[in-house]
Amino acid sequence: MRQRVDHFLLAFLLLGHLVLLSTHERSEGSRLEQLVLGTLGPVVHLANASIDGVYGFFGSLRLAGSLKIQNQQLRLELAELRQKVIRLQGVEEDLKRLAILSETTYQRFGSEQFFVADVVYLDTDSWLRTLVLFIGDGEAKVNQPVVTDRGLVGRIVVATPQYAKVLLLTDRSASASAMILRTRRRGIVHGEGDGLLLDNIPLLADVRVGDEVVSAGIDGIFPRGIPVGTVVEVGPGNDLFHRIRLEPAIDLSLLDQVFVLTEETLPADVRQAMPGAVSEEALETDPEPDPTP
Amino acid sequence: MKRSLRFLAALLLVVGLHTLASRLMPWFSSTVDMFLILAIFSSLGRSPAWSCLAGTVTGLAADSLSGGLFGLYGFANTLTAWGAAQVQQRIVLHQPVTVGLLMSAATAVQMTTLAVLFSLLLLGSEGPSPGFMLLRMLTSGILGAVLFVTIRRFERFEKKWRERRGRRLRIES
């Protein structure tokens, strides 16, 4: 009896399945299929969600790791780019400055009569006011004038293949022939540490505060017409000459790049014919008396 | 009732594992039929009627998750589970190897039934290939044997634990 029931149940179930198969509608599915799917759906959903969660978690870890690496790379790149930008900004500033400098310097000396040098060291504290230039490929010689677009800086006293030492005009041992631009009265400019003194200007000469002083071009070193400074004080010196204080035309603290003039103020043959013409003694001699009162 | 609940819980577990395994290993669902293994395992030591019902339920669950005709696996699993029940009524299954062989044989029956149904109902569609059938028989046999060993060990452990607990309770009382 039991076996018959089993067989009957088996036959019933198999027949039921066959009916299901024969009446299957692919588009909608039978109600039984919907019921089974509806029952098992949450389990499938839960399993999928859990695996999605695991995938998401490990994906986030992986992403975090890759983002960390990427972040480090980007930080490095950013640092490099910042350095590059700073360098480029420096180059841009240099170019602007050089453009301004060369505009005036080209007009005055011509393109082949000077080269640019970088100031690498500036000594303004010691007794000797000097600066050191990096001249690179430029050929520096002793006594070559050093100028900027604003005025006279000094002259080279020591020259090496790549570096040169410049004696600033404000040094107490430095001097140059100069003249008051307004009256063409010549004198000698001496360094005074921070400022300049214009000597050998007779008491009768017309000198006013604010007068511009330029190089006179008779010392055999500095060319004529380079700004030296401005008269800031005119006082009685001794019985014969004024004591004139000048404010230098250049600000030493702003010196960054300078021009070394390669032009020979005195021709070589004259220099040979007159040895010692270019010397401190020569510079110290009285200039020719100014014809103007 | 308890058996039915356990069976349903096992079915839900199988559905979850099947989904997980299919996501993690796309080849898994084509090489291992966990629904059939559940149907055969639930048939062990049970009546053919129970086996038929277990086969039907597992088959319909497999049908709902597969893209084929609804009732295809139901028919095959019902017939297979009934056959397995008939076999285990006549052979004592104590060894993992025999359980594994039963699983493989059940898989062969299921696959053959499916192939016949494919040829009858889905004209133009290809049924399972012999190589695929062999692979499924092998995996089902191995998995069935492993599961049988695991379940038997678990049952022994549970039995011992119950005995110890019973002794302790008796001593305390």
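**Interface**

I started with the contact between the chains: chain A and chain B bury about 2,700 Å² between them, 76% of it on carbon and sulfur atoms. Buried area here is the accessible area (1.4 Å probe) that two parts lose on being put together, summed over both. I note that the model is predicted, so local features need pLDDT of at least 70 and side-chain atom pairs pLDDT 80 or more, while totals for chains, interfaces and linings use all residues. Residues are numbered from 1 along each chain as its sequence is written, chains are lettered from A in the order written, and side-chain values use heavy atoms, without hydrogens and water.

Next I looked up contacts (heavy atoms within 4.5 Å). On chain A, 27 residues are in contact with 30 residues of chain B.

Then the charged pairs. The rule finds 1 salt bridge across the interface of chain A and chain B, counting a side-chain nitrogen of Lys or Arg within 4 Å of a carboxyl oxygen of Asp or Glu. I also have Arg23(B) in a salt bridge with Asp52(A), with the closest N and O atoms 2.7 Å apart.

I checked which elements do the touching, taking helices as DSSP runs (H or I, at least four residues), numbered from the N terminus. Helix 1 and helix 2 of chain A each give two or more residues to the side that touches chain B. Helix 2 of chain A gives the most, with 13 residues.

**Cores**

I went on to nonpolar cores: sets of buried Ala, Val, Leu, Ile, Met, Phe, Trp, Tyr and Cys residues joined through side-chain atoms within 4.5 Å. The largest has 47 residues, and Val15(B), Phe35(B), Ile40(B), Phe41(B) and Leu114(B) have the most contacts inside it.

I followed up on Leu114(B), which touches Leu72(B), Tyr73(B) and Ala76(B), leaving aside residues up to four places away in sequence.

The cut-offs are under 20% for buried, over 50% for exposed and partly exposed in between (1.4 Å probe, protein chains only).
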